Amino acid sequence: MSQIGTLSIEDKQEALQSIAAEVRQCQRCPLHKFAIKGVPGEGAANAEVMLIGEAPGWHENQQGRPFVGAAGQFLGELLRSVGLRRDEVFIANVIKHRPPENRDPQPDEIAACLPYLDRQIELIDPRVIVTLGRFSMSKFFPGERISRIHGTARRHGNRLVLPLYHPAAALHQASLRRTVEEDFRRLPEVLVESRKLAAATAAPAPAAETARPVAPPTPKQLGLFEG
Ligand code: URA
């Protein structure tokens, strides 16, 4: 078991705060020069659900908090529609400083910033990750198209990843908004399935099984979520 698996909630909170402090000082790429505040992410250190967006926008840059503008209001509605509060989940972004004029993040900026997100995921160890938009989707499913895979949870290691369109895109297109709302409604069943997956992967293998070679886990689409 990794040491992180044995950390108390207080230790995890402290480690997340220390990542947040690093993000606020970060100069690993030029984005900090144009930004007002770094936006590390926020939420419960033991969240079962982690939501990952693209990058801070204007409001997030002012406040240093993720998803506090129009897209954030919509995200709040989506969470409430499945009975979740913001403080029960963890909300983060791939990129922690706002790109100028909200332009797309560049590959070198993503590469510089990803270690922060990786550390957050490792610490929080969520059962379900909801990716919001194509940049966070690409972290888990490189080469995929959001139009093809949105709304279908897939296994990634020991957790499930539910790729969604970005809420900001949905705000500009009524049909996409309905799609995002429908996709989001799958979250409770995905969470139930992820708990079963966690229980199954934590259980010791029966004696007869232990002698067999075990294939490495591959990202696998679960039948329950197909179609
Ligand atoms: N869009 C994002 O991707 N992240 C935010 O924090 C806000 C808007």
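A: In strand S6 (159–164), Leu160 is the bridge partner of Val128. Val128 belongs to strand S4 (128–132), and S4 pairs with S6 in the parallel sense over 5 bridges. Pairing requires that DSSP finds at least two bridges between two strands; strands (E, at least two residues) and helices (H or I, at least four) are DSSP runs, numbered from the N terminus. The model is a predicted one, in which local features need pLDDT of at least 70 and side-chain atom pairs count only at pLDDT 80 or more, while totals for chains, interfaces and linings use all residues. Residues are numbered from 1 along each chain as its sequence is written, and side-chain values use heavy atoms, with hydrogens and water left out.

S4 also pairs with S2, again in the parallel sense, over 4 bridges; here Val128 is the bridge partner of Val49. In S4, 5 of the 5 residues are buried, so the strand is largely enclosed by the rest of the structure. Buried means under 20% relative accessible area, exposed means over 50%, and partly exposed lies in between (1.4 Å probe, protein chains only). Val128, Val130 and Leu132 cover one side of S4, and Ile129 and Thr131 the other.

The sheet around S4 is open and has 6 strands in the order S1-S3-S2-S4-S6-S5, with mixed pairing. S1 and strand S5 (154–156) stand at the edges with a single partner strand each, so one side of each has no neighbour in the sheet. S2 (residues 49–53) is joined to S3 by 4 bridges, and these two strands run parallel; within this pair, Met50 stands opposite Phe90. S1 (residues 42–43) pairs with S3 in the antiparallel sense over 2 bridges, and Glu42 stands opposite Ile91.

Leaving aside neighbours within four places in sequence, Met50 is in contact with Phe90, Ala92, Leu117, Gln120, Ile121, Ile124, Pro126, Val128, Ile129 and Val130, where contact means heavy atoms within 4.5 Å. The largest nonpolar core has 62 residues, of which Met50, Leu51, Leu75, Val130, Phe184 and Leu187 touch the most other members. H5 gives the most to this core, with 9 residues. Such a core is a set of buried Ala, Val, Leu, Ile, Met, Phe, Trp, Tyr and Cys residues joined through side-chain atoms within 4.5 Å.

H5 lies across S2, S3, S4 and S6, running at about 170 degrees to S2. Helix H10 (residues 187–202) also packs on the sheet, touching S2, S4, S5 and S6, and its direction makes about 155 degrees with that of S6. Axes are lines fitted to C-alpha atoms, for helices over the stretch in contact, and angles run from 0 to 180 degrees between N-to-C directions.

H5 (residues 107–124) packs with helix H1 (residues 9–25) as well, at an angle of about 170 degrees and with the axes 10 Å apart. H1 and H5 are therefore roughly antiparallel to each other; angles under 35 degrees count as roughly parallel, over 145 as roughly antiparallel, 65 to 115 as roughly perpendicular and the rest as oblique. H1 contributes Lys12, Ala15, Leu16, Ile19, Glu22 and Val23 to the contact, and H5 contributes Tyr116, Arg119, Gln120, Leu123 and Ile124. By class, the contact of H1 with H5 has 7 nonpolar, 1 polar and 3 charged residues. Ala, Val, Leu, Ile, Met, Phe, Trp, Tyr, Cys and Pro count as nonpolar, Asp, Glu, Lys and Arg as charged, and the others, Gly among them, as polar.

Ile95 sits in the loop between S3 and H5 and is buried, with a relative accessible area of 0%. Not counting residues up to four places away in sequence, Ile95 touches Leu31, Glu54, Ala55, Pro56, Pro105, Glu109, Ile110 and Cys113. From Ile95 to Ala112 the C-alpha to C-alpha distance is 8.9 Å, and the two are 17 residues apart in sequence.

As for the whole, the protein has 11 helices and 6 strands, and 47% of its 227 residues count as buried. Among contacts between residues at least 6 apart in sequence, 75% join residues at least 24 apart.
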